[in-house]
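Please look over the backbone and the aromatic side chains of the model shown here. The report that comes after it takes up a few local features in turn.

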Amino acid sequence: MLPPPATALHCAEALLPGGWATNVRITLVGGLIETVDTGVPARPGDTAVPVALPGMPNLHSHAFQRAMAGLAEVRGPAGDDFWTWRAAMYRFVERITPDDLRAIAALAYVEMLETGFTRVGEFHYLHHDRGGTPFADRAEMSAAIAAAAAESGIGLTLLPVFYAHSGFGGAAPGAGQARFINDGDGFAALLDGARRATAGLPDAIVGVAPHSLRAVTPDELARLVPLAGAAPIHIHIAEQVKEVEDCVTWSGARPVAWLLANASVDARWCLVHATHMTDGEATALAVSGAVAGLCPVTEANLGDGIFPAEPFLAAGGRYGVGSDSNVLIDATEELRLLEYGQRLAARGRNRLARAAGDSTGDTLYRAAVAGGGQALGMAAGIAPGHPADLIGLHGDHPSFAGRSGPALSDALLFAAGRGAIDRVWRRGRPVVAAGRHVARDAVAARYRRCVARLIAG
């Protein structure tokens with residue numbers, strides 16, 4: 001049972017949509033922020049917060065993959081890449097039951113909250129029973145995800161994935177993909193079931209996720225988009241060089257260029273990874289209003305490559321971050337590695353700050369909050385009417401000594417990291433205290449039992 005919500009916070013410093021402010025009083029009603037006043041004293045009963053930040057949206061997660069974190073780090077006989085990792089994932093996923101998925105996802109979501117992620121976009125494609133037989137309730141696995149979100153308290157944007165093929169041009173699915181596959185009617189039933197499964201969660205959203213241009217045909221994609229309505233639409237794209245080459249062979253165009261030319265890509269869309277783009281594609285993606293969903297830890301772990309940030313940002317592109325494979329769950333690490341990847345590629349420093357004098361940490365944090373919120377269909381940030389999703393930092397952390405305003409963001413991302421996170425409120429409920437989720441012990445114990453059995457099997 002999660003603790004009751006707070007009613008008012010008084011923050012010595014807080015990062016608001018317009019920038020840093022001092023003596024910020026935030027009142028909360030019904031899980032939402034009611035008022036934000038700056039330069040005011042605390043009142044009796046207010047919860048004192050030394051430094052407050054908006055919660056970070058996690059725009060891309062495959063929760064079940066948390067259970068295989070570290071299991072694919074042994075060198076194979078012919079070298080390793082994304083495709084050998086994927087084969088290992090297919091072998092592992094065959095064993096997972098709905099109860100297993102709930103146990104795994106609950107720990108992943110607890111860890112997300114502990115590191116500053118307060119809402120997750122669950123790109124959910126593990127739909128069927130072992131062997132690929134649909135459950136009597138096609139959304140049984142979606143219900144397991146919803147139960148894990150309820151147990152942890154994290155905000156959920158559930159993105160049921162349509163997956164029908166193993167390659168471009170409608171290639172027949174492989175045996176390892178049997179648990180993911182749906183036809184049009186089956187997916188419509190799944191989507192309806194997912195909406196029922198999440199109906200009891202506060203501010204849950206159900207979007208639509210065509211897995212990739214490898215996994216859907218143009219006709220299937222055209223039929224999927226209207227199912228989303230105004231909700232988010234997410235798609236994997238241009239993650240691997242081989243994917244780009246195969247798309248060119250199939251269509252004569254690169255993946256991002258093909259999608260922008262053949263689908264009504266707009267602000268509802270999140271293009272996940274988009275790692276391998278030309279400058280022209282990056283500019284066109286930015287102009288579309290879609291969000292680039294960047295997952296730097298996973299992209300590094302899988303050897304994907306580095307996102308072409310410079311042309312994308314020069315054209316006003318929007319981005320957010322996600323934990324993807326959940327090999328390591330840490331909001332600050334995603335942002336730090338995003339910047340460091342750009343530094344390594346350019347052999348320079350402070351790449352994502354856009355103007356002289358800009359704080360890199362502040363630029364990263366504010367952009368990822370705004371872009372992630374857009375991608376997940378939920379306004380993010382400390383502002384009236386928004387969900388009361390906030391992070392409280394240890395004001396006496398050594399890395400914050402003598403710092404205020406944007407320098408706090410720099411210290412958090414490039415020095416202190418997750419160890420500086422003291423408390424997290426989700427819809428006003430204090431779900432993390434002293435850096436630990438209130439349900440961590442029970443959730444972690446169940447996870448350990450589950451994963452030990454899966455690995456032994």
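## Basis of the model

This is a predicted model, in which local features need pLDDT of at least 70 and side-chain atom pairs count only at pLDDT 80 or more, while totals for chains, interfaces and linings use all residues. Residues are numbered from 1 along each chain as its sequence is written, and side-chain values use heavy atoms, with hydrogens and water left out.

## Positive phi angles

Most residues other than glycine have a negative phi. Asp203, although not a glycine, has a positive phi of about 50°, and Asp203 is found in the loop between α4 (184-197) and β8 (205-206); here helices are DSSP runs of H or I with at least four residues and strands are runs of E with at least two, numbered from the N terminus. Asp203 counts as buried because its relative accessibility is 16%, where buried means under 20% relative accessible area, exposed over 50% and partly exposed in between, with a 1.4 Å probe and protein chains only.

Asn350, also not a glycine, has a positive phi of about 50° and is placed in the loop between α11 (331-346) and α12 (360-376). With a relative accessibility of 37%, Asn350 counts as partly exposed.

## Aromatic pairs

The structure holds 12 aromatic pairs, a pair being rings of Phe, Tyr or Trp (its six-membered ring) with centres within 6.5 Å, stacked if the planes are under 30 degrees apart, edge-to-face if over 60 and tilted otherwise. Trp250 and Trp258 form a tilted pair, at 5.4 Å centre to centre and 45° between the planes; Trp250 counts as partly exposed at 30% relative accessibility, whereas Trp258 counts as buried at 11%.

## Charges over rings

Lys242 lies over the face of Trp83, at 5.4 Å from the ring centre, the criterion being NZ of Lys or CZ of Arg within 6 Å of the ring centre and within 35 degrees of the ring normal. Arg343 lies over the face of Phe414, at 5.4 Å from the ring centre.
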